[in-house]
Amino acid sequence: MSLLNVLSSFIPEGERIVTIEDAVELQLQQDHVVRLESRPPNIEGKGAVTIRDLVRNSLRMRPDRIVVGECRGGESLDMLQAMNTGHDGSLSTVHANTPRDAIARLETLVLMAGMDLPLRAIREQIASAVDVIVQITRLRDGTRRVTHVTEVQGMEGETVTLQDAFLFDYSAGVDAGGRFLGKPVPTGVRPRFTDRFAELGIALSPRVFGAPEAPRARSWS
């Protein structure tokens with residue numbers, strides 16, 4: 001949830017954001033934020049409001065982005081459909097050991113929606129909706145670090161293709177107290193999403209990703 005708070009802090013001020021959680025933990029500082037919270041059933045087993053109910057209803061609130069605290073059931077399908085129908089830039093978390101495992105877990109969660117979709121259709125939805133997976137891992141020194149920043153590039157046959165842009169540098173070793181000294185380092189591969197950044201007027205040097213700068217054109221007189 002701390003990572004989601006950090007990522008959401010970069011959402012521009014003018015955007016309308018709907019947050020959906022079981023218990024309010026997100027601390028968004030933007031002005032246009034609508035906070036929705038699920039509700040358990042009463043003692044008679046009635047009156048429950050699920051995360052999935054809230055995701056569906058949030059679409060009627062004309063949000064620019066939807067932020068779901070955690071996808072852990074059939075709401076994953078509704079979230080993917082929202083991200084594929086004009087709500088790109090939405091954020092959520094899912095528990096998995098690696099980015100590849102996160103894709104497999106999303107497939108399982110979508111199947112929990114009970115729609116009996118073919119696996120390829122689910123993978124196509126995921127490949128189209130999800131742009132980047134940021135993996136945070138608790139290391140053996142007790143700290144939580146970003147260990148992968150991985151781009152979802154699309155489909156290749158029956159497989160969702162992934163490309164790591166940053167990986168945690170375990171080779172840096174540990175200090176005298178056993179704390180890891182490493183940090184995420186670029187793999188040298190320029191992600192495809194930088195083209196989308198350029199369209200939005202966001203300039204990123206290739207050096208960020210460990211790639212050399214393109215040579216500048218020279219004029220001769």
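Me: Over how many bridges does strand S1 pair with strand S2?
Reply: This is a predicted model, in which local features need pLDDT of at least 70 and side-chain atom pairs count only at pLDDT 80 or more, while totals for chains, interfaces and linings use all residues. Residues are numbered from 1 along each chain as its sequence is written, and side-chain values use heavy atoms, with hydrogens and water left out. Helices (H or I, at least four residues) and strands (E, at least two) are DSSP runs numbered from the N terminus, and two strands pair if DSSP finds at least two bridges between them. S1 (residues 17-21) and S2 (residues 33-37) pair in the parallel sense, and the number of bridges is five.

Me: Which residue of S3 stands opposite valine 18?
Reply: S1 is also joined to strand S3 (residues 65-68), in a parallel run of four bridges. On the S2 side, valine 18 stands opposite valine 34. On the S3 side, the residue opposite valine 18 is isoleucine 66.

Me: Which strands stand at the edges of this sheet?
Reply: The four strands form an open sheet with parallel pairing, in the order S2-S1-S3-S4. S3 and strand S4 (residues 91-92) run parallel and are joined by two bridges, in which valine 67 has leucine 91 as its partner and valine 68 has serine 92. One side of each edge strand has no neighbour in the sheet, because each has a single partner strand, and these edge strands are S2 and S4.

Me: Which residues of S3 are buried on the side away from Arg65 and Val67?
Reply: S3 is covered on both faces, with Arg65 and Val67 buried on one side.

Me: At what angle to S1 does helix H2 run?
Reply: H2 (residues 51-58) lies across S1, S2 and S3, where contact means heavy atoms within 4.5 Å. Axes are lines fitted to C-alpha atoms, for helices over the stretch in contact, and angles run from 0 to 180 degrees between N-to-C directions. On that scale the angle of H2 to S1 is about 170 degrees.

Me: How do H2 and H3 run, roughly parallel or roughly antiparallel?
Reply: The axes of H2 and helix H3 (residues 75-83) come within 9 Å and cross at roughly 20 degrees. Angles under 35 degrees count as roughly parallel, over 145 as roughly antiparallel, 65 to 115 as roughly perpendicular and the rest as oblique. The crossing angle therefore makes the arrangement of H2 to H3 roughly parallel.

Me: How many charged residues are in the contact of H2 with H3?
Reply: Ile51, Arg52, Val55 and Arg56 of H2 meet Glu75, Leu77, Asp78 and Met79 of H3. Ala, Val, Leu, Ile, Met, Phe, Trp, Tyr, Cys and Pro count as nonpolar, Asp, Glu, Lys and Arg as charged, and the others, Gly among them, as polar. The contact has four nonpolar residues and no polar ones, and the number of charged residues is four.

Me: Is aspartate 88 buried or partly exposed?
Reply: Aspartate 88 is found in the loop between H3 and S4. Beyond its neighbours within four places in sequence, aspartate 88 is in contact with Asp64, Met83 and Arg196. Because its relative accessibility is 43%, aspartate 88 counts as partly exposed.

Me: Which residue in S7 is the bridge partner of valine 152?
Reply: A second open sheet has four strands in the order S5-S6-S7-S8, with antiparallel pairing. Within this sheet, strand S6 (residues 144-156) is joined to strand S7 (residues 159-168) by eight bridges. The partner of valine 152 in S7 is leucine 162.

Me: At what angle to S6 does helix H5 run?
Reply: In H5 (residues 119-129), Ile122, Ile126, Ala127 and Ala129 are buried, and what covers the buried residues includes H3, H4, S6 and S7. H5 lies across S6 and S7, and its angle to S6 is about 120 degrees.

How values were computed: Buried < 20%, exposed > 50% of the residue type's maximum accessible area, 1.4 Å probe, protein only.
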